[in-house]
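This report looks at charged side-chain pairs first, and then at a helix and the strands around it. The sequence and structure come next.

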Amino acid sequence: MADRLYLSLWLKNPSPLTFKRRYLKLIETFPFSLLSPNIVFTVRAVSNREAALAEDSFVGATAFRQVEDSVESWNALDTSFELEGSWDLLQPAGAEWKLQASKAILIGYGQDFEREHGEDLRIEFGNEDIFLPTPDSPASFRYIQDNIKSLLKLVKDLETALPVQKRLLWSESGINFAERLAALTSNP
């Protein structure tokens, strides 16, 4: 089973006054899929162990305006916002690779919301397989390289749009993703 890949961001001077604006900037910066425009917005209180307070699905040109309105309607410091959508990445489709929608979850944590790592923002990218080449498939290196470029561009765009103090690209096993990628790509 593949590990899940995450990007955690800690922001400079986090405060209740900037929380919603910075979360909306994360959403605005993320390159959402043109192939699958559906999004689901969820609000949670206190911790991820609690049931969702609200969950809405949006599609179409007004989806992001509706999400913005939803974000603005919540004021509690112990809430988190989750936006599940997709972005377009190359993925294996049989013997070929095709551009397909790949699920991502964008999370913003209020300062009093329980979280393991203490970050302000997190993106869950799903299984890390689409960012790691397969040694038994040399053709995968070229496609994975495009996905890595998309990932690095996203990180750069987020660092430009937000006051990032610290960032961490990690997988759930705790194994250093960058070291793992380097080991796989050093001997294609």
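How many salt bridges does the count come to? The count comes to eight salt bridges, a salt bridge being a side-chain nitrogen of Lys or Arg within 4 Å of a carboxyl oxygen of Asp or Glu.

## Basis of the model

This is a predicted model, in which local features need pLDDT of at least 70 and side-chain atom pairs count only at pLDDT 80 or more, while totals for chains, interfaces and linings use all residues. Residues are numbered from 1 along each chain as its sequence is written, and side-chain values use heavy atoms, with hydrogens and water left out.

Side chains of opposite charge can pair when their charged atoms come close. One of the salt bridges joins Glu82 to Arg44, at 2.8 Å from N to O. This pair links distant parts of the chain, 38 residues apart: Glu82 lies in strand S4 (residues 79-93) and Arg44 in strand S2 (residues 39-45). Helices (H or I, at least four residues) and strands (E, at least two) are DSSP runs, numbered from the N terminus. Glu82 and Arg44 are both buried, where buried means under 20% relative accessible area, exposed over 50%, and partly exposed in between (1.4 Å probe, protein chains only).

Arg122 and Glu119 form another salt bridge, at 2.6 Å from N to O. Arg122 counts as buried because its relative accessibility is 10%, and Glu119 counts as buried at 0%. A salt bridge also joins Glu159 and Arg167, at 2.3 Å from N to O. Here Glu159 is partly exposed at 33% relative accessibility, and Arg167 is partly exposed at 46%. Elsewhere, salt bridges that share partners join Arg65, Glu68 and Asp69 into one network.

## Helix H2

Which residues of helix H2 (residues 63-72) are buried? They are Ala63, Val67, Ser70 and Val71. These residues cover an arc of only 100° around the axis, so they lie on the same side of H2; the arc is that of the directions from the helix axis to the C-beta atoms. The elements that cover the buried residues of H2 include helix H1 (16-29), S2, strand S3 (52-58) and S4.

## Strand S2 and its partners

S2 is largely enclosed by the rest of the structure, because six of its seven residues are buried. S2 and S3 pair in the antiparallel sense over six bridges, where pairing requires that DSSP finds at least two bridges between two strands. Ile39 has Phe58 in S3 as its bridge partner.

S2 also runs antiparallel to S4, and six bridges join them. The bridge partner of Thr42 in S4 is Glu82.

Conventions. Contact means heavy atoms within 4.5 Å.
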